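Hi everyone, thanks for coming.

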Amino acid sequence: MSPLFYYLFLIFMLKDKVESLLGKALEEHSSLFLVDFKMGGDNSIKVVLDGDEGVSLQDCMNISRAIEHNLDREEEDFSLEVTSAGATSPLRLPRQYNKNVGRKLQVKTGSEQLEGTLVATSTDSITLEWKAREPKPVGKGKVTVQKKQEIAFSDIQEAKVKLKF
């Protein structure tokens, strides 16, 4: 077996082991879910979490310990980073949209950019509502109208929660 093949084999084995440990840890903490998992060639492991009620520092520590305490540093040299999805990170999973119902989102699709309140989610789409000023149907001036649009997840290029300060 060539040294390169053996090295790649060890990385693959470590990745499988980490994924298994991560899966078990998330089963024990059912309000948490995985947003991203990356493993670099230098055995750097990055886990990004989100949660139905948010993610606390303790949550990150619990998941980190569940992985780290079950790996042998004598066998595998690795670095581990467990973080929460940031407040300004794009939403990537339907479960993230569910927890943000009632909040203002900025959504980019292929043809437009919308900003509105997330009022509903379904298995394949979200519904946004917002107010817009439009010309009166008759006469001069503008009138405020309530707009509502359903957007398929497949059409969303990027969606972020709009933070208020």
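Predicted model: local features only at pLDDT ≥ 70, side-chain atom pairs only at ≥ 80, totals over all residues.

Let's start at Thr127 and ask what surrounds it: which residues is Thr127 in contact with, leaving aside its neighbours within four places in sequence? There is a run of Thr117, Leu118, Val119 and Ala120, and then Lys148, Gln149 and Glu150. Thr127 itself sits in strand 6, which covers residues 125–135. Its relative accessible area is 13%, and because buried means under 20%, Thr127 counts as buried.

Side chains of opposite charge can pair when their charged atoms come close. How many salt bridges does the count come to here? Eight, and I'll show you some of them.

Lys148 meets the side chain of Glu129 in a salt bridge, at 3.5 Å from N to O. Glu129 belongs to strand 6 and Lys148 to strand 7, so this pair ties together parts that are 19 residues apart in sequence. As for accessibility, Glu129 is partly exposed, at 25%, while Lys148 is exposed, at 58%.

Next, have a look at Lys162 and Glu115, whose side chains also meet in a salt bridge, 3.7 Å from N to O.

Lys38 is exposed, with a relative accessible area of 52%, whereas Asp36 counts as buried at 18%. There is a further partner here too: salt bridges that share partners join Asp36, Lys38 and Arg92 into one network.

Asp36 also takes us into a sheet, where its bridge partner in strand 2 is Val48. Strand 1 and strand 2, the latter being residues 44–51, pair in the antiparallel sense over seven bridges. They belong to an open sheet of three strands, in the order 1-2-3, with mixed pairing. Why is one side of strand 1 and of strand 3 left without a neighbour in the sheet? Strand 1 (32–39) and strand 3 (79–84) stand at the edges, and each has a single partner strand. From one strand to the next, the twist averages 20°. Lying across strand 1, strand 2 and strand 3 is helix 2, residues 57–68, which runs at about 150° to strand 3.

Now for the loop between strand 1 and strand 2, where you'll find Asn43. Most residues other than glycine have a negative phi. Asn43 is not a glycine, yet its phi is positive, at about 65°. It counts as buried, at 13% relative accessibility.

Last stop, the aromatics. A search of the whole structure finds one aromatic pair: Tyr97 and Phe153, tilted, at 5.1 Å centre to centre with 55° between the planes. Tyr97 is in helix 3 (residues 94–98) and Phe153 is in the loop between strand 7 (142–152) and strand 8 (156–161), so the pair ties together parts that are 56 residues apart in sequence. Both Tyr97 and Phe153 are buried.

That's my tour, and I'm happy to take questions.

Notes:
Residues numbered from 1 in each chain as written. Heavy atoms only, no water. Pairing = 2+ DSSP bridges. Helix = DSSP H or I, 4+ residues; strand = E, 2+ residues; numbered from the N terminus. Axes fitted to C-alpha atoms, helices over the stretch in contact; angles between N-to-C directions. Contact = heavy atoms within 4.5 Å. Phe/Tyr/Trp six-rings, centres within 6.5 Å; stacked < 30°, edge-to-face > 60°. Buried < 20%, exposed > 50% of the residue type's maximum accessible area, 1.4 Å probe, protein only. Salt bridge = Lys/Arg side-chain N within 4 Å of Asp/Glu carboxyl O.
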